[in-house]
2 protein chains.
Amino acid sequence: MAKVQVAPHRPVHPTPAALITSMDEEGNANIITLGEAFNVSIEDPVILGIAIHNSDRRDSHAVISRTGEFVVNLPTAASLDKVRYCGRVHGNDVDKFQESGLTRLPAAVVKPPLIAECPINIECKLLSVQSVGDHDLFLGQAVAQHVNQEVLDENGEIIVDKLDGFANVLGQFRAYGPKVT
Amino acid sequence: MAKVQVAPHRPVHPTPAALITSMDEEGNANIITLGEAFNVSIEDPVILGIAIHNSDRRDSHAVISRTGEFVVNLPTAASLDKVRYCGRVHGNDVDKFQESGLTRLPAAVVKPPLIAECPINIECKLLSVQSVGDHDLFLGQAVAQHVNQEVLDENGEIIVDKLDGFANVLGQFRAYGPKVT
């Protein structure tokens, strides 16, 4: 098992892809695609982190900082073209819901909308923003979660194979394979 | 696409599994298994986060806080029994390298060892520790990375299918399936 030393670059994997929704004071909703969203506090309270590049302090970054609210939406493999679109286009230029064809649904607690096509939606209240290297780290408390009914079994548990989820591994998007034990 | 509201609990997925190595002042190495490791700053500098439950402030938590060094080792599916073992047993009771059969290799910059059986090893210098809900968030700068030679192609790029990696999805460990496009 010989080791080779390489320069680190986004070295931890797999990571999720997440569509983050926000809403400005005039009611304009925006969507940003992030490759870095993660659980920090697991249970009591539930706190998530998202990291936004510090060169991109307009749009979603500015709106979430001001309004203190965002929703983390976990996408399906079937919507990967829309995931890529929302990562490529700036929200101050276009209405990303209209242009992408994604569907808005009202959240329960916060103002930013849920994305209907994402089977998991986590409503968050912003706790803090801190500069960490080339990204700004947003920590938010999960105040509500929504799941698409069709991915739940009769006990209300999520069926992983119905999520149509995927993992981001070194820039490749990989479907979930078989269980390893 | 009817939505059902559920109580959030570790809601973001997939996440990686990571084996974190540390070394105390007497040269005793320890290993802890974490389900929460993530990239925060991507390129300049490269900064990772790991979250350790705040009920577990002995062992790895205390040693990393004092020594300011840790290594993030990304395991293979083939070593999942060892991953589980290192998540179940406390390092102040046993020598986890000896008991698990995992192999120590010297790091380049920091004192904690690399795990030979993990194809990716990221050496980190601790930047900060902060309390975030029920976990403590450790941010560390990646100062070196090692990759097993057999997972690299002739251009030095990592071949994802040779990693034998897996994703943690709602408590299930899933191999990487086909690319989604």
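**View 1. The largest nonpolar core has 32 residues.** This is a predicted model, in which local features need pLDDT of at least 70, side-chain atom pairs count only at pLDDT 80 or more, and totals for chains, interfaces and linings use all residues. A nonpolar core here is a set of buried Ala, Val, Leu, Ile, Met, Phe, Trp, Tyr and Cys residues joined through side-chain atoms within 4.5 Å; buried means under 20% relative accessible area, exposed over 50%, and partly exposed in between (1.4 Å probe, protein chains only). Look for B:Ile20, B:Leu48, B:Ile50, B:Phe70, B:Val72 and B:Ile122, the residues with the most contacts inside this core. The top giver is β9(B), with four residues. (Helices, H or I of at least four residues, and strands, E of at least two, are DSSP runs numbered from the N terminus.)

**View 2. Zooming in on B:Phe70.** Leaving out residues up to four places away in sequence, B:Phe70 touches a whole list of residues, including B:Ile20, B:Ile64, B:Pro112, B:Cys124 and B:Gly140. Contact means heavy atoms within 4.5 Å.

**View 3. Helix α1 of chain B covers residues 59-67.** Which residues of this helix are buried? They are B:Asp59, B:Ser60, B:His61, B:Val63 and B:Ile64. The buried residues of α1(B) pack against β2, β3, β5, β6, β9 and β10 of chain B. After α1(B) comes B:Gly68, with a positive phi near 75°.

**View 4. Chain A meets chain B.** Here 78 residues of chain A contact 78 residues of chain B. Together the two chains bury about 7,200 Å², 64% of it on carbon and sulfur atoms; buried area is the accessible area (1.4 Å probe) that two parts lose on being put together, summed over both.

**View 5. A salt bridge joins B:Asp161 and A:Arg174.** Their closest N and O atoms are 3.1 Å apart. On the side of chain A that touches chain B, β10(A) has the largest share, nine residues.

Residues are numbered from 1 along each chain as its sequence is written, chains are lettered from A and ligands numbered from 1 in the order in which they are written, and side-chain values use heavy atoms, with hydrogens and water left out.

Conventions
A salt bridge is a side-chain nitrogen of Lys or Arg within 4 Å of a carboxyl oxygen of Asp or Glu.
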